[in-house]
Amino acid sequence: MSKVTITDVARHAGVSMKSVSRVINRESNVRAALRTKVEAAIDSLGYKPNLAARSLAGGRSFTIGVLFDNPSPSYTMKIQDGAYNACHKAAYQLVLENVRTSSGNITETMNVMLEHRRIDGMVVTPPATDCGEVLDALERHQIPYVRIAPDKFPDRSMFVSTNDSEATAEAVRHLWSLGHRRFGFISGPPTHGASGWRRAGFYSALRQRDIAPEHVAIAEGDFTFESGIGGGMQLLRAASRPTAIFAANDDMAAGVFAAAGQLNIKIPDMLSVVGFDDSWIAKSVWPSLTTLHQPIEEMAYEAVEMLIAAKQGRSFLAPRHNVSFIVRGSTGPFSEM
């Protein structure tokens, strides 16, 4: 069977090849009726656009990059899935890049990367989203970018955001309603904006209940499972151990499960645990993890849509995403067992 060409699509739709090209390239000034007719012909014939030809004709690479610096595999997988789905829908390619913003040579790393990549835009994820050197390099190479959940430089770029702080307060209200009064908190890395928002939301909700931050047991984590074990051990070995622990992401919450298991502390009979993200690990532990669902895939999808729209001269403003609270088996009524 011969390969379907753009000529075949134009003939099938009864339009010119230029019209087909405009639809394929997602140009903004295309009538809805024409777009529908061409897309129907593409679907009917199973036409696959030639990315190399599109790139040469349009002066674009039709490639979007995603920049990672996050130790949580579940987070990066969800970002990747959302970005890929948006790229696939628009017939773009997706490339992934990993950096360490804490390294001393981040500027050099970014320059080398961007000099060897031809991309139409970059989705920047936390904590790279707040790294000035990363943003400087993207701007120096004239790469449009959209940031996910930035904490700094709010006017510097397009971005997609969430309500982490307010959502965390809902988790505190839940634990309080179960009778818990001794709380523990495992934070994320200080360079990560979400870590600060979740800590602030946690403290704020407890202040409203007359519990000062100095009366909360704190362990410093870095969003990894291992740091959750270490933080869990620290909190649970205390003389007056907490009856409820909030971990700033699910990976660390799973680490608390491991620590509690080693100390023969049963969840939720003797300890309630709450995480954040609603990643795959939340349903992999037992009992399943009470957590806050962050719409990570949707955020990545919209970040890509924003980049493509800007490239086509269209405006696209992503709404602020709401984090939702999900109660599962890891939280239960306070008990002095």
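These legends describe close-up views of one predicted model. Local features need pLDDT of at least 70, side-chain atom pairs count only at pLDDT 80 or more, and totals for chains, interfaces and linings use all residues. Residues are numbered from 1 along each chain as its sequence is written, and side-chain values use heavy atoms, leaving out hydrogens and water.

**View 1. An open sheet of five strands with parallel pairing.** The strand order is β2-β1-β3-β4-β5. Strands (E, at least two residues) and helices (H or I, at least four) are DSSP runs numbered from the N terminus. Two strands pair if DSSP finds at least two bridges between them. β2 (93–98) and β5 (158–160) stand at the edges with a single partner strand each, so one side of each has no neighbour in the sheet. On average, neighbouring strands here are turned by 25° against each other, direction ignored. Strands β1 (residues 63–68) and β3 (residues 121–124) run parallel, joined by four bridges. I64 has G121 of β3 as its bridge partner.

View 2. Axes are lines fitted to C-alpha atoms, for helices over the stretch in contact (heavy atoms within 4.5 Å). Angles run from 0 to 180 degrees between N-to-C directions.

**View 3. An open sheet of four strands, order β7-β6-β8-β9.** Its pairing is parallel. β7 (217–220) and β9 (272–274) are the edge strands, each with a single partner, so one side of each is left without a neighbour in the sheet. Neighbouring strands are turned by 15° on average, direction ignored. Four bridges pair β6 (residues 183–187) with β8 (residues 244–247) in the parallel sense. I186 is bridged to A247 of β8. Helix α11 (residues 250–262) lies across β6, β8 and β9, at about 160° to β9.

**View 4. Helices α1 and α2 cross.** The axes of α1 (residues 6–13) and α2 (residues 17–24) come within 9 Å and cross at roughly 105°. That makes α1 roughly perpendicular to α2 (65 to 115 degrees). I6, T7, V9 and A10 of α1 meet M17, V20, S21 and I24 of α2. By class, this contact has six nonpolar, two polar and no charged residues. Ala, Val, Leu, Ile, Met, Phe, Trp, Tyr, Cys and Pro count as nonpolar, Asp, Glu, Lys and Arg as charged, and the others, Gly among them, as polar.

Key. Angles under 35 degrees count as roughly parallel, over 145 as roughly antiparallel, 65 to 115 as roughly perpendicular and the rest as oblique.
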